Amino acid sequence: MAEVANKERRLAQPRILLFGDSHAHAVQRAIAKREGKGQSAPISAHSLLKEKNGIRIGSTSLEKFLKLIRELEPEDVVVSMIGGNQHAVYSTIQHPQPFDFFTPDGDVAEEPSEIIPYRAIRDVFEYGLRKGDGRMIEDVRAATKARVVHILPPPPKKDNAHIAKHHETIFREDLPQRGVSRPELRLKFWKLQSRILKKLCKEFEVEVMVPPRRAVDEEGFLRPEFYANDATHGNWRYGERVIRELERRYIGSTAEWPSK
Amino acid sequence: MAQQVKKEHPHPYKSLPEKAFWRRSVAGVKPAKVDPVGEFNVRISTDTKVATAGSCFAQHIARHLKQSGYCYYVAEAGHPILPAQARARQNYGLFSCRYGNIYTARQLRQLIERAYGRFDPVEKPWKKAQGVFLDPFRPTSQPGGFISAEEMLADRSQHLAAVRRMFETLDVFVFTLGLTECWRSKEDGAVFPVCPGVEGGTFDPKKYEFYNQSVEEVIEDLTAFRAALSAVNPQAQIILTVSPVPLVATAQPGEHVLSATTYSKSVLRVAAEAMRRGFDNVHYFPSYEIISGAFNRGAYYADDLRNVVEEGVGHVMRLFLAHATGGAGAAAAEGPSAVEEDEHLGLARQLIQVECDEIALDR
């Protein structure tokens, strides 16, 4: 009987469990918005539980999430929004010794910045991602029979004034003094991170989902209407776009929900 | 007629120091105590900027200087946003600039000429594979190669600027002469550290030729280099050493590699001596003698009879520091911490982390 019930459920729609760090918050907010309007979202979103200075942040520990996804079936979907802000660490605040790099996409380094060879910076990034986010994504993959998809982080914001305005108060003195990096450098770092994540995901047999097309402008930056009030994150509208894309890919439908 | 008494002079060997005698300073001394340093008037302190270049043996000198607390001068250190260990993996700090091994006197001379724009070789970047380009004049410096010819040329330009900075601001330049044999372009005489086709490029006998330097040519190259360095840095002191590492192979027609090694090292040793005698700011340090001298009965060579074991390098550097510092020594420098991070990157990481925590707290 239980087998029949499971089969029926599977024919209806797969279970979708999402797990991530700060970028998952946009999706959690979008789900809350839907629920506030009496609409449902076919996704259960979990954010990584951490404790800092006695404050608990997030909802679910990695161990607990791994336990949750162990019982999923191959038709179900696990969505990873793990990590994703390494590119911002390297490219948000202007370094006192300006630097730039060439990329395999044909981007050139801007004078008079110090050139860092692409393979040198890639080496550092790949090492960091492999032992950080990569390890967690690999753990998720190993824990379940379900499909696993990793969503690349939202691309950088082009608007330097927005970043300068919406930064953490404890950095009030540092940011104006050092300045915000050039948007092109931020985009290069995001592309670098995406390239490495794609490589790692291929290695781990994890699917990759790029940021929703409508949230990205023609140059590759995040469109301003999807900005959260900070330097790097997307807002609930961005989260809504992610949900719609997941629905399109794995359920075959999209909820009726305005983009703005 | 009174008979004149001839005053007897002692023969010259009577007044010579112990080091002038084989039995007293070589055969009759424990191997670890043998000190073949002759005249060596360079003095370094912890403030003296000591730059290094040369064949692979020069890497040992650089490594020991770094560890010994003296100022191993690195003019091309790599951007600080790369952690120290990552920079080391990318060959920053292996020598004072990222020029890789400089085996011949001609290569050194051409380096300073290229750095100051007096020589612009016609050789184009070597394409090893799709997206892998090498600098023909330092083909192993960038692990995995450069992603494009443009990146390689931009990095070379930055590298040569660092080379100029190094030559203009160093106090002591230690150069280890490695080889007389090299390969050069038939078109403009540019010499390569490795034969085209080995690490990259394609060997073409119409374009490249074997070239084995004579002692006169090595002296001429070193003299030209010394003049160029003195022109930009009149106070610079030069220490020449000869690498004790034998040739891995010889391309001299009909020659045996052992004889070819003896020829190369002999030429380099003679040239170094000629330079020392000819110029007040050129000095010789006997690394070659310490490692290859019969007194150690080959103990300073590894099983391959080429590479030098750490004990031998230790002997060389112990004597080098003892003579160059007047025995003062220096406190051992602390190596880079495994967790060392650029101050700026640490701040940026903190900013992004705080922002990520705040958004998760539903600010």
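**Figure 1. Confidence along chain A of a predicted model.** Over residues 254-260 of chain A, pLDDT stays under 50. In this predicted model, local features need pLDDT of at least 70, side-chain atom pairs count only at pLDDT 80 or more, and totals for chains, interfaces and linings use all residues. Residues are numbered from 1 along each chain as its sequence is written, with chains lettered from A and ligands numbered from 1 in the order in which they are written.

**Figure 2. The largest nonpolar core.** A nonpolar core is a set of buried Ala, Val, Leu, Ile, Met, Phe, Trp, Tyr and Cys residues joined through C-beta atoms within 7 Å; buried means that 20 or more other C-beta atoms lie within 10 Å of a residue's own, exposed that 12 or fewer do, with C-beta atoms placed from the backbone. This core has 76 residues, and A:Ile16, A:Leu18 and A:Ile43 are among those touching the most other members. Helix 9 (residues 183-204) of chain A gives the largest share, nine residues. Another core, of 75 residues, lies apart and includes B:Trp183 and B:Ala324.

**Figure 3. Helix 7 of chain B.** Helices are DSSP runs (H or I, at least four residues), numbered from the N terminus. Among the buried residues of helix 7 of chain B are B:Ala260, B:Leu268 and B:Met275. Seen down the axis of this helix, the buried residues fall within an arc (of the directions from the helix axis to the C-beta atoms) of 165°, so they line one face. The face turned away from the buried side carries exposed B:Leu258, B:Ser259, B:Arg277 and B:Gly278.

Notes:
pLDDT = per-residue confidence, 0-100. Contact = placed C-beta atoms within 7 Å. Helix = DSSP H or I, 4+ residues; strand = E, 2+ residues; numbered from the N terminus.
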